[in-house]
Amino acid sequence: MSLFTFLALVIYIGGAWKFWTGFNRTNFNQNRLMLTLLWPVMLLNASYRQNFRRALKG
(Lines give C-alpha, C1' and ligand atoms only; values in the text may rest on other atoms or scores of the structure.)
Protein backbone atom coordinates (compact mmCIF):
# COMPACT_ATOMS: atom_id res chain seq x y z
CA MET A 1 0.00 0.00 0.00
CA SER A 2 1.44 3.35 -0.99
CA LEU A 3 1.63 6.33 1.34
CA PHE A 4 -0.93 8.23 -0.76
CA THR A 5 -3.42 5.35 -0.56
CA PHE A 6 -2.92 5.08 3.19
CA LEU A 7 -3.44 8.82 3.72
CA ALA A 8 -6.53 8.85 1.49
CA LEU A 9 -7.98 5.95 3.48
CA VAL A 10 -7.27 7.68 6.79
CA ILE A 11 -8.92 10.90 5.58
CA TYR A 12 -11.93 8.98 4.24
CA ILE A 13 -12.44 7.04 7.48
CA GLY A 14 -11.85 10.14 9.60
CA GLY A 15 -14.40 12.16 7.65
CA ALA A 16 -16.92 9.33 7.78
CA TRP A 17 -16.46 8.94 11.54
CA LYS A 18 -16.87 12.68 12.20
CA PHE A 19 -20.00 12.82 10.04
CA TRP A 20 -21.46 9.69 11.66
CA THR A 21 -20.96 11.00 15.19
CA GLY A 22 -22.21 14.50 14.32
CA PHE A 23 -25.17 13.37 12.23
CA ASN A 24 -27.67 14.63 14.82
CA ARG A 25 -26.51 18.23 14.17
CA THR A 26 -27.55 18.07 10.51
CA ASN A 27 -30.92 18.65 8.86
CA PHE A 28 -30.96 15.02 7.69
CA ASN A 29 -33.16 12.48 9.46
CA GLN A 30 -32.65 9.33 7.39
CA ASN A 31 -30.09 7.52 5.21
CA ARG A 32 -27.35 8.01 7.79
CA LEU A 33 -25.28 5.08 6.50
CA MET A 34 -25.56 6.06 2.83
CA LEU A 35 -24.76 9.72 3.49
CA THR A 36 -21.78 8.71 5.62
CA LEU A 37 -20.35 6.28 3.07
CA LEU A 38 -20.74 8.70 0.15
CA TRP A 39 -19.51 11.84 1.93
CA PRO A 40 -16.67 12.65 -0.53
CA VAL A 41 -19.01 12.55 -3.53
CA MET A 42 -21.81 14.34 -1.71
CA LEU A 43 -19.53 17.30 -0.93
CA LEU A 44 -20.22 18.45 -4.48
CA ASN A 45 -23.72 19.40 -3.31
CA ALA A 46 -23.86 22.79 -1.52
CA SER A 47 -26.63 21.77 0.90
CA TYR A 48 -24.78 18.61 1.90
CA ARG A 49 -21.55 20.59 2.32
CA GLN A 50 -23.28 22.94 4.75
CA ASN A 51 -24.67 20.02 6.76
CA PHE A 52 -21.31 18.24 6.67
CA ARG A 53 -19.69 21.32 8.25
CA ARG A 54 -22.36 21.29 10.96
CA ALA A 55 -21.63 17.66 11.71
CA LEU A 56 -17.89 18.30 11.97
CA LYS A 57 -18.22 21.22 14.38
CA GLY A 58 -19.13 18.92 17.28
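This is a predicted model: local features need pLDDT of at least 70, side-chain atom pairs count only at pLDDT 80 or more; totals for chains, interfaces and linings use all residues.

Me: Let's start with the overall fold. How many helices and strands are there in the chain?

Reply: The chain has 4 helices and 0 strands. Read from the N terminus, the order of elements is α-α-α-α. Along its principal axes, the C-alpha trace spans about 35 × 20 × 20 Å.

Me: What share of the residues in the chain is buried?

Reply: A residue counts as buried when its relative accessible area is under 20%. Of the 58 residues in the chain, 22% are buried. Contacts give another view: among those with a separation of 6 or more, 47% join residues 24 or more positions apart.

Me: Now a single residue. Where does threonine 26 lie, and is it buried or exposed?

Reply: Look at the loop between helix 1 (3–21) and helix 2 (32–37), where threonine 26 lies. Its relative accessibility is 9%, so threonine 26 counts as buried.

Me: Which backbone atoms lie by the polar atoms of the side chain of threonine 26?

Reply: There are two to find. The backbone oxygen of phenylalanine 23 is 2.7 Å from a polar atom of the threonine 26 side chain. The backbone nitrogen of phenylalanine 28 is 3.3 Å from a polar atom of that side chain. Leaving out residues up to four places away in sequence, threonine 26 touches Phe19, Asn51 and Ala55.

Me: Ala55 is on that list. Where is alanine 55, and what does it touch?

Reply: Alanine 55 belongs to helix 4 (residues 46–56). With a relative accessible area of 2%, alanine 55 is buried. Not counting residues up to four places away in sequence, its contacts are Lys18, Phe19, Gly22, Phe23, Arg25 and Thr26.

Me: What about threonine 36: buried or exposed?

Reply: Threonine 36, found in helix 2, is buried, with a relative accessible area of 5%. It touches Ala16, Phe19 and Trp20, again setting aside residues up to four places away in sequence.

Me: Next, the rings. How many aromatic pairs does the structure hold?

Reply: There are 8 aromatic pairs in the structure. In phenylalanine 23 and phenylalanine 28, the ring centres are 6.4 Å apart and the planes are at 25 degrees, so this pair is stacked. In general, a pair of aromatic rings is described by the distance of the centres and the angle of the planes. Phenylalanine 23 is buried at 8% relative accessibility, whereas phenylalanine 28 is partly exposed at 24%.

Me: Which residues do the ring pairs link into a cluster?

Reply: The cluster consists of Tyr12, Phe19, Phe23, Phe28, Trp39, Tyr48 and Phe52.

Me: Finally, the surface. Which residues make the nonpolar patch?

Reply: Trp17, Trp20, Leu33, Met34, Leu37, Leu38, Val41 and Leu44 make a nonpolar surface patch of about 870 Å². Helix 1 and helix 2 each supply at least two residues of the patch, and helix 2 gives the most, with 3 residues.

Technical notes:
Residues are numbered from 1 along each chain as its sequence is written. Side-chain values use heavy atoms; hydrogens and water are left out. Buried means under 20% relative accessible area, exposed over 50%, partly exposed in between (1.4 Å probe, protein chains only). A polar contact is a pair of N or O atoms within 3.5 Å; within protein, one must be able to donate a hydrogen and the other to accept it, and residues adjacent in sequence count only if both atoms are side-chain atoms. Contact means heavy atoms within 4.5 Å. Patches are made of residues with over 30% relative accessible area and no salt bridge: like charges are joined within 9 Å, nonpolar side chains (Val, Leu, Ile, Met, Phe, Trp, Tyr) within 5 Å. Accessible areas come from the Shrake-Rupley method with a 1.4 Å probe; for residues, only the protein chains shown count as cover. A salt bridge is a side-chain nitrogen of Lys or Arg within 4 Å of a carboxyl oxygen of Asp or Glu. Rings of Phe, Tyr and Trp (its six-membered ring) pair if their centres lie within 6.5 Å; planes under 30 degrees apart count as stacked, over 60 as edge-to-face and the rest as tilted.
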